[in-house]
Amino acid sequence: MAALRVLVGVKRVIDFAVKVRVAPGGGGVQTQGVKHALNPFCEIALEEAVRLKEAGLAKEVIAASLGTKSSQETLRTALAVGADRAVLAEVGEGVATGPLEVATALAALVGRLQPQLVLLGKQAIDDDCNQTGQLLAAMLDWPQSRGMTGYIPPDGCEAPGLEGGPVHTGRLPVLTGPQGTFASRVELEDGAVRVQREVDGGLETLRLRLPAVLTADLRLNEPRYATLPNIMKAKKKPMEVIPAADLGVSGGSPRLKVLQVQEPPARAGGEKVENVETLVEKLRQSGRI
């Protein structure tokens, strides 16, 4: 099997350990003077790509991001973890970007870089949209695949007469033009990738024909920390900066507008009671029972 070129989308978000505070006016959250980091789900996608390269299954790992100049720091982190090079689709300060803009930029980069596999985190922890992977698959004309639950068809079973339907091979169905979401396990095969997905009813196994878009779930792997020597080496790795407009990302008005952000209500203090009877009475008075 020929080694693949893997494109990994990464995003700069407020560090998960930082207590997020509402900005004055309630129009968003405070971002100035707040520590930012690589989105945790993007870390998982990046780790999986690096592991594929270490196993000799990937020839190159490219990290890409849509954001302001500050996103270069996030991309340097990705390079320190193991990416070979990075691409920043740069937008100006204050330009609103969402899943649609990110997917548009990534789709243009796919045309330029010709990766055989695109890995993304299933969602970002700042907006929790969980949309970029699905949008990207649609833009690339790689339909989202659903409904195959580890089914092994009998030998000689033919594919249904639907365009883009599963191709039966005597093993798991091979889905053409696929996009696998919530991947908890990834195994590359000859011209395909086997993906285990977490669904409401348990686990679903798909065999997807490459090229494909995958989004990483929390249990796919445990990301590594960037070591100091690799952080130093990352400063010498190539990073290309492309104006986002050159990739088809317009700087128009945002499609999604935040009306108001509020702090959650403060929790009331607890109260100790002497016995069970008093507890039941207080619960009855408060309407809990």
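User: What share of the 289 residues in the protein chain is buried?

Analyst: Buried residues make up 41% of them. Buried means under 20% relative accessible area, exposed over 50%, and partly exposed in between (1.4 Å probe, protein chains only). This is a predicted model: local features need pLDDT of at least 70, side-chain atom pairs count only at pLDDT 80 or more, and totals for chains, interfaces and linings use all residues. Residues are numbered from 1 along each chain as its sequence is written, and side-chain values use heavy atoms, with hydrogens and water left out.

User: Why is Cys42 called buried?

Analyst: Its relative accessible area is 6%. The cut-off is under 20%, so Cys42 is buried.

User: Why is Cys129 called partly exposed?

Analyst: Cys129 has 22% relative accessibility. That value lies between 20% and 50%, so Cys129 counts as partly exposed.

User: How many disulfides are there, and what makes a disulfide?

Analyst: A disulfide is a pair of cysteine sulfur atoms within 2.5 Å. By this rule the count is zero.

User: How do you know what span to expect for helix 1 and helix 3?

Analyst: Helices (H or I, at least four residues) and strands (E, at least two) are DSSP runs, numbered from the N terminus. The expected span is 1.5 Å times one less than the number of residues. Helix 1 (residues 40-54) has 15 residues and reaches 21 Å from first C-alpha to last, close to the 21 Å expected. Helix 3 (residues 99-113) also has 15 residues and reaches 20 Å, close to the expected 21 Å.

User: What covers the buried residues of helix 3?

Analyst: Those buried residues include Leu106, Leu109, Val110 and Leu113. Their cover includes strand 1 (4-9), strand 4 (58-67) and helix 4 (132-139). Contact means heavy atoms within 4.5 Å. Just after helix 3, Gln114 takes a positive phi of about 55°.

User: What makes Val273, Val276, Leu279, Val280, Leu283 and Ile289 a patch?

Analyst: Like charges are joined within 9 Å, nonpolar side chains (Val, Leu, Ile, Met, Phe, Trp, Tyr) within 5 Å. These six form a nonpolar patch on the surface, with about 460 Å² of accessible area together (Shrake-Rupley method, 1.4 Å probe; for residues, only the protein chains shown count as cover). Leu279, in helix 6 (residues 276-285), has 39% relative accessibility, so Leu279 is over the 30% cut-off.

Technical notes. Salt bridge = Lys/Arg side-chain N within 4 Å of Asp/Glu carboxyl O.
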